[in-house]
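Take a moment with the chain and its two ligands before reading on.

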Amino acid sequence: MNTPLLITMGDAAGVGPEIVAAAFRRGEADGCVVVGDPAVLRRAGAGMVAVIDSPADLAEVPPGCLPVLVPPALPEGLAALPWGRVDARAGAAAAACIEEAVRRVRAGEASALVTAPIHKEALAAAGVPFPGHTEMLQALAADGGELPPVRMMLANEELRVVLVTIHVALRQAIELVTHDAVLRTLRIAHAAAAAWGQRAPRIAVAGLNPHAGEGGLFGREEIEIIAPAIEAARAEGIDAQGPFPPDTVFMRARRGAFDLVVAMTHDHGLIPVKYLGVEHGVNVTLGLPFVRTSPDHGTAFDIAGQGRADPASLVAAIRWARAALAARGG
Ligand SMILES: NC(=O)c1ccc[n+]([C@@H]2O[C@H](COP(=O)([O-])OP(=O)(O)OC[C@H]3O[C@@H](n4cnc5c(N)ncnc54)[C@H](O)[C@@H]3O)[C@@H](O)[C@H]2O)c1
Ligand SMILES: N[C@H](C(=O)O)[C@H](O)COP(=O)(O)O
């Protein structure tokens, strides 16, 4: 049997546990182990659950049973939490699952990590000092105190978008658009594309300002920061082009002009991907020493516990993780 892949259950009050259960019911999560709370998974429709001590025990789990690893220090009473509400206990549990899963992956007991959605306010209410998975995984992957440079990518069949800045206020994001940040993003995106077979990806860089600054009339970041970073990347052999107007570059990429788009801010980059349908997208953390993917949607508190959540994006995330492992030869 291949080394199992781990799926964290996400926020107990959101749709995470039910899309995980649905993926197993549909046979899309064979070879996976869930890191979570058995009672939460049962309430979300998991049916029979087998608690195991190690991913290697998956081989002993009877067919039809959902295998669960329970992290230490999981808060009690999670299965009694009201659906669709921010709760510090759910935030603490979500963080405990992520920590345990990373520990197992880094120990070589599991091959990759797929994370079901967490709620950022619940995480903060629990005192977790990271806004989202990406920042937490970066910290958990640190080597000798050195944080690996990571970037968020959202991808579907039509677009692949890598972000320079993510979970910060827009005013702060603008400050974080520096020559170094753009150049690092281009390097990470270029290197990551080799994992899906593109050794020389055509990378379009979206500007920050309307019409990419319109020659300096609407802002100078393109002239002073972004274009020089593109030049520096090109000097390293990276096929980076732009900066292009953000409002039209995604349309061009979707038609095939580029393989990847680098966007300066969260919503510049993610609106085009999510607008094509949250059921299709996958969130991939580039730059980690292990494979991590996630659905491109959140906890969907408005429909949690109603049996309406579509597991398609989680299934796409599992498939992406498997393909990335295969590309790494693992
Ligand atoms: N991977 C993650 O952990 C992740 C990703 C995105 C957002 N979030 C977090 O989730 C929380 C809620 O975010 P939000 O409300 O902005 O976005 P959301 O994606 O949770 O919900 C947006 C809309 O999409 C619908 N939707 C989402 N997933 C669905 C599914 N599987 N099936 C059917 N409909 C679905 C919801 O019902 C809602 O109407 C926030 O804290 C956000 O930061 C987490
Ligand atoms: N920015 C992501 C999105 O909107 O889909 C989401 O917040 C998840 O981020 P993490 O993977 O860092 O939790």
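Eight residues of domain 1 are in contact with six residues of domain 2. Two residues count as in contact if their C-beta atoms, placed from the backbone, lie within 7 Å. On the domain 1 side, helix 5 and helix 11 (312–328) each give two or more residues. Helix 11 supplies the largest share of that side, three residues. By class, the domain 1 side divides into three nonpolar, two polar and three charged residues. Here Ala, Val, Leu, Ile, Met, Phe, Trp, Tyr, Cys and Pro count as nonpolar, Asp, Glu, Lys and Arg as charged, and the others, Gly among them, as polar.

A word on the ground rules. This is a predicted model, in which local features need pLDDT of at least 70, side-chain atom pairs count only at pLDDT 80 or more, and totals for chains, interfaces and linings use all residues. Residues are numbered from 1 along each chain as its sequence is written, while chains are lettered from A and ligands numbered from 1 in the order in which they are written.

Now step back to the whole chain. It is divided into domain 1 (1–148 + 292–330) and domain 2 (157–276). Those bounds come from an automatic or database domain assignment. The C-alpha centres of the two domains lie 30 Å apart. The secondary structure comes to eleven helices and twelve strands. Helices (H or I, at least four residues) and strands (E, at least two) are DSSP runs, numbered from the N terminus. The radius of gyration is 20 Å, close to the 20 Å that the globule rule gives for 330 residues, so the chain is as compact as a globular protein of that length. That radius is taken over C-alpha atoms, and the rule is 2.2 Å times the number of residues to the power 0.38. Along the principal axes, the C-alpha atoms fill a box of roughly 60 × 40 × 40 Å. Among contacts with a separation of 6 or more, 71% join residues 24 or more positions apart.

How much of the chain is buried? Buried residues make up 50% of the 330. A residue is buried if 20 or more other C-beta atoms lie within 10 Å of its own, exposed if 12 or fewer, and partly exposed in between; the C-beta atoms are placed from the backbone. Nine of its ten residues are buried, so helix 1 is largely enclosed by the rest of the structure. Among them are Pro17, Ile19, Val20 and Phe24. The buried residues of helix 1 pack against strand 1 (5–8), strand 2 (32–35), helix 2 (38–43), strand 4 (66–69) and helix 11. Just after helix 1, Gly27 takes a positive phi of about 75°.

Next, the ligands. A residue is near a ligand if its C-beta atom, placed from the backbone, lies within 6 Å of it. Ligand 1 is surrounded by 20 residues, and the closest are Pro117, His297, Gly298, Ala300 and Asp310. Helix 4 (120–125) and strand 12 (291–295) each give two or more residues to this shell. The shell has nine nonpolar, seven polar and four charged residues.

Which residues are around ligand 2? They are Gly132, His133, Thr134, Ile166, His266, Leu270, Asn283, Ser294 and Asp296. Helix 5 (133–140) and helix 10 (266–275) each give two or more of them. Two of the shell residues are nonpolar, six polar and one charged.

An unreviewed entry lists His133, Thr134, Lys274, Asn283 and Arg292 under "binding site". Its positions are given in the numbering used here, feature names are shortened, and annotations may be inferred rather than shown by experiment. Lys274 sits in helix 10. Lys274 is partly exposed, with 17 other C-beta atoms within 10 Å. Asn283 lies in strand 11 (residues 282–286). Asn283 is buried, with 24 other C-beta atoms within 10 Å. Leaving out residues up to four places away in sequence, Asn283 touches Met152, Leu154, Thr293, Ser294, Pro295 and Asp296.

The record also gives His167, His211 and His266 as "binding site" (unreviewed entry). They are spread over 100 residues of sequence and up to 23.9 Å in space between C-alpha atoms. His167 is in the loop between strand 7 (160–163) and helix 6 (170–176). Beyond its neighbours within four places in sequence, His167 is in contact with Pro131, Gly132 and Glu135.
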